[in-house]
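Please read the following report alongside the sequence and the coordinates. It covers the fold, the surface, the aromatic pairs and the confidence of the model.

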Amino acid sequence: MTTEPLAEGRWLEYARQRDAWADYLESRDECATPSRNQAKSGRRTAESIRLATATGIEHCVCCLRPMSEARR
């Protein structure tokens, strides 16, 4: 058993928590942009892990390209 699905799930849970916090902040008319950005980063990290698991090649979290291409 690999740890990638577990790690992916943890990042998705992190994203859900940050979105929930952003919803709370917005309900109080406060700025939620940082929390939304953190949630987006969490989802991108989970997607990167999923792609790496499926292809065997690590992917950049920012652009989701394979790391060999992302470094160019």
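Along the sequence the protein follows the pattern α-α-α, and its secondary structure comes to three helices and zero strands, where helices (H or I, at least four residues) and strands (E, at least two) are DSSP runs numbered from the N terminus. This is a predicted model, in which local features need pLDDT of at least 70 and side-chain atom pairs count only at pLDDT 80 or more, whereas totals for chains, interfaces and linings use all residues. Residues are numbered from 1 along each chain as its sequence is written, and side-chain values use heavy atoms, with hydrogens and water left out.

The predictor's confidence in each residue is given as pLDDT, on a scale from 0 to 100; its mean for the protein is 91, and 89% of the residues reach 70 or more. Confidence is highest in helix 2 (residues 33-55), at a mean of 96, and lowest in helix 3 (residues 67-70), at 74.

Of the 72 residues in the protein, 22% are buried, a term that means under 20% relative accessible area, with exposed meaning over 50% and partly exposed lying in between (1.4 Å probe, protein chains only). The accessible surface comes to about 5200 Å², and carbon and sulfur atoms account for 53% of this area, as computed by the Shrake-Rupley method with a 1.4 Å probe. If contact is taken to mean heavy atoms within 4.5 Å, then among contacts between residues at least 6 apart in sequence, 30% join residues at least 24 apart.

How many aromatic pairs does the protein hold? The count comes to two, under a rule by which rings of Phe, Tyr and Trp (its six-membered ring) pair if their centres lie within 6.5 Å, and planes under 30 degrees apart count as stacked, over 60 as edge-to-face and the rest as tilted. Trp11 and Tyr14 form an edge-to-face pair, because their ring planes stand at 80° with the centres 5.7 Å apart. These two residues are three apart in helix 1 (residues 4-27), which means that about one helical turn separates Trp11 from Tyr14. The pair of Trp21 and Tyr24 is tilted, because its planes lie at 35°, with the ring centres 5.1 Å apart. Trp21 and Tyr24 are likewise three residues apart in helix 1, and so about one helical turn separates them.

| Residue | Relative accessible area | Class |
|---|---|---|
| Trp11 | 34% | partly exposed |
| Tyr14 | 30% | partly exposed |
| Trp21 | 41% | partly exposed |
| Tyr24 | 39% | partly exposed |
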